[in-house]
Amino acid sequence: MNVDVAIVGAGPAGLAASIELARAGLSVAVVDEYYRPGGRLLGQLYDDPQAPAGQRRWDGRKVAAELLAQARQWNVQVLSGVTAWSVQPSWQIELSGAAVQTLRAKALLLATGACEKALPIPGWTLPGVVSIGAAQTFTNLHRVAIGRRVMVVGADPLALSVALEMKHAGIEVVGVALPPQSPWSGELASPVQAVARLAEAADLAPHPLLRRMGRLAAGRLRALAAHALRWPLLRLAGVPLYLRQAVTRIEGSTAVEAVTLQPVSIDGVPTGRAERVAVDAVCLSAGLYPLIDLAQVAGCTLVELPELGGLVPLHSRDLRTSVEGLYVAGNITGIEGAKVAMAQGRLAAVSIAAAWGKTASLSLDEALAAVEAARARSPLRFLPRIAEGRAKMEQLWQAAHGEKGGG
C-alpha cells in the first residue's frame, strides 16, 4: 500500500492529524494495534470544570467516534488490529495482522502514545490486581466492574480521576492510598509529594476541603498539609484519601482478598499499627512513560527528560524530529491529556502539509497557539514540571539544529 503519509497510532493525536492531512489533499493511512480506533480516549469519562457550560462532560468514547467519522469522511484508511513492527526511512512500515505486509509513505507520523509504569508490591501478581488504565478501560469502555470493593494504590491525578469514575459507575472504592517505599515507587510513596500532586487535580475535586488542601499544597505549606493528613478527613465523592497510609501488601491465596494498610510518617516511613482491609480488587497507579520503540528503530535522536515522562524523541516545537520526514505527536513527546494530544496532532499535520507544499486549514502559528491553549485549559496535569520539560526540549533542539523550534 502506498500513501502520502502513514500514521502509527489511532488515538487522539493520530486521528486529529489524519483529518487535517486529508483536508490538505494528502492520502493518509492510520495503523493501530488495538481492535478499535481511539486509543486512551476510549476509557475517558469525566467532568471538566474548565470547559464552557454545556461542554463540561468529556466522553472520550464519543470524541473518538466523532474523530473516526470525520477521518472516514475524508477517505482516511484506518487499519485497526494491525501492528507496525518495524520502520525504515523513506518510509517503509512493516505490518502484521493486515492484508498488506508493507505500507510505503513519503512522511511518517508516530503517535504511539504511552504505557503504564509497573508498581511491584508484595502480592501484585494475584488475580484481581489491575493497572489504573485497565480499570478505566473496563469501567468506561466495556462497562465491566473490576470488583465489588476496590482499593486504589497511588495518589496521582489519573488515580483520583479513575477512582471517581469507578465510584460513579457504582463500584465501592474503599480508598486511595500510597504505595510503600521501594526502588519503584520513589516519590510516589511520599505523603509530602502526594499532597503536592493534589494541586494538579484540585480543579476536579468536588470537595471544598480537597480543593483547599490541593492549593495549599501548591504553596509553601506542603509539609504542614502533609502533617494535617494524619487524620483521614479527606474524601473524594465519598472515597477516603489515605495520604498518610500505604498499602504494604496485597493478600490472598488464589485471588485478592485484602490489603495491609500501614500508617507512614510525612517522609513515607512506616509507623504505628497496620490494619487489614477486605477488598476483592486493587488498582495500581505509577504513572505513564512515552512509547518510543519505533522512533528508536527509525534512528531518531532520543533524550532523557524526566519532566516529560522519561526518554522522548528530540523534536522541534512544530514536531519535526532529527530524522527527515519523521514527525511525532501526543504522549510520545511527553505525558499530557487528550486535548493537548489532539492539538498536537493538528500541529504535526500542519508541519507535514507545509513540507509537501500543501495548505492546511490553519497556519503554523495558529496551530502552535492551539496547543498552548489546550495545555492551559487542561483539567489534569499528569506531570507537574511539564512546562519546564518543554522549555528544555526547545533548548536541546536549538542546540542540535541551530534554529528555533518552529513558529
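Ser90 sits in the loop between strand S6 (83-88) and strand S7 (92-96). The model is predicted.

**Positive phi in loops**
- Most residues other than glycine have a negative phi.
- Ser90 has a positive phi, near 100°, and is not a glycine.
- Ser90 counts as exposed, because its relative accessibility is 69% and the exposed class begins over 50%.
- Arg143 is another non-glycine residue with a positive phi, about 60°.
- Arg143 belongs to the loop between helix H3 (132-140) and strand S11 (149-153).

**Helix H1 against helix H2**
- Two packed helices are described by the angle between their axes and the distance between the axes.
- Helix H1 (residues 12-23) packs on helix H2 (residues 60-73) at an angle of about 30°, and the axes are 9 Å apart.
- H1 is therefore roughly parallel to H2, since angles under 35 degrees fall in that class.
- The crossing of H1 past H2 is left-handed.
- On the H1 side, the contact is made by Pro12, Leu15, Ser18 and Ile19.
- On the H2 side, Ala64, Leu67, Leu68, Gln70 and Ala71 make the contact.
- The residues of this H1 and H2 contact comprise 7 nonpolar, 2 polar and no charged.

**Length and burial of H1**
- H1 has 12 residues, so at 1.5 Å a residue it should span 16 Å.
- The end C-alpha atoms of H1 are 17 Å apart, which agrees.
- H1 is mostly covered, with 11 of its 12 residues buried.
- The buried set runs through Pro12, Ala13, Gly14, Leu15, Ala16, Ala17, Ser18, Ile19, Glu20, Leu21 and Ala22.
- Buried residues of H1 pack against strand S1 (2-8), strand S2 (28-32), H2, strand S8 (102-110) and helix H9 (338-355).
- Gly25 follows H1 and has a positive phi, near 95°.

**Ala22 in H1**
- Ala22 is located in helix H1.
- Ala22 is buried because its relative accessible area is 11%, and buried means under 20%.
- Leaving out residues up to four places away in sequence, Ala22 touches Val28, Trp74 and Val76.
- Ala22 and Trp74 are 52 residues apart in sequence, but their C-alpha atoms are 5.9 Å apart in space.

Definitions and conventions:
Residues are numbered from 1 along each chain as its sequence is written. This is a predicted model: local features need pLDDT of at least 70, side-chain atom pairs count only at pLDDT 80 or more; totals for chains, interfaces and linings use all residues. Side-chain values use heavy atoms; hydrogens and water are left out. Axes are lines fitted to C-alpha atoms, for helices over the stretch in contact, and angles run from 0 to 180 degrees between N-to-C directions. Helices (H or I, at least four residues) and strands (E, at least two) are DSSP runs, numbered from the N terminus. Angles under 35 degrees count as roughly parallel, over 145 as roughly antiparallel, 65 to 115 as roughly perpendicular and the rest as oblique. A crossing is left-handed if the near helix is turned anticlockwise from the far one by less than a right angle, and right-handed if clockwise. Contact means heavy atoms within 4.5 Å. Ala, Val, Leu, Ile, Met, Phe, Trp, Tyr, Cys and Pro count as nonpolar, Asp, Glu, Lys and Arg as charged, and the others, Gly among them, as polar. The expected span of a helix is 1.5 Å times one less than its number of residues. Buried means under 20% relative accessible area, exposed over 50%, partly exposed in between (1.4 Å probe, protein chains only).
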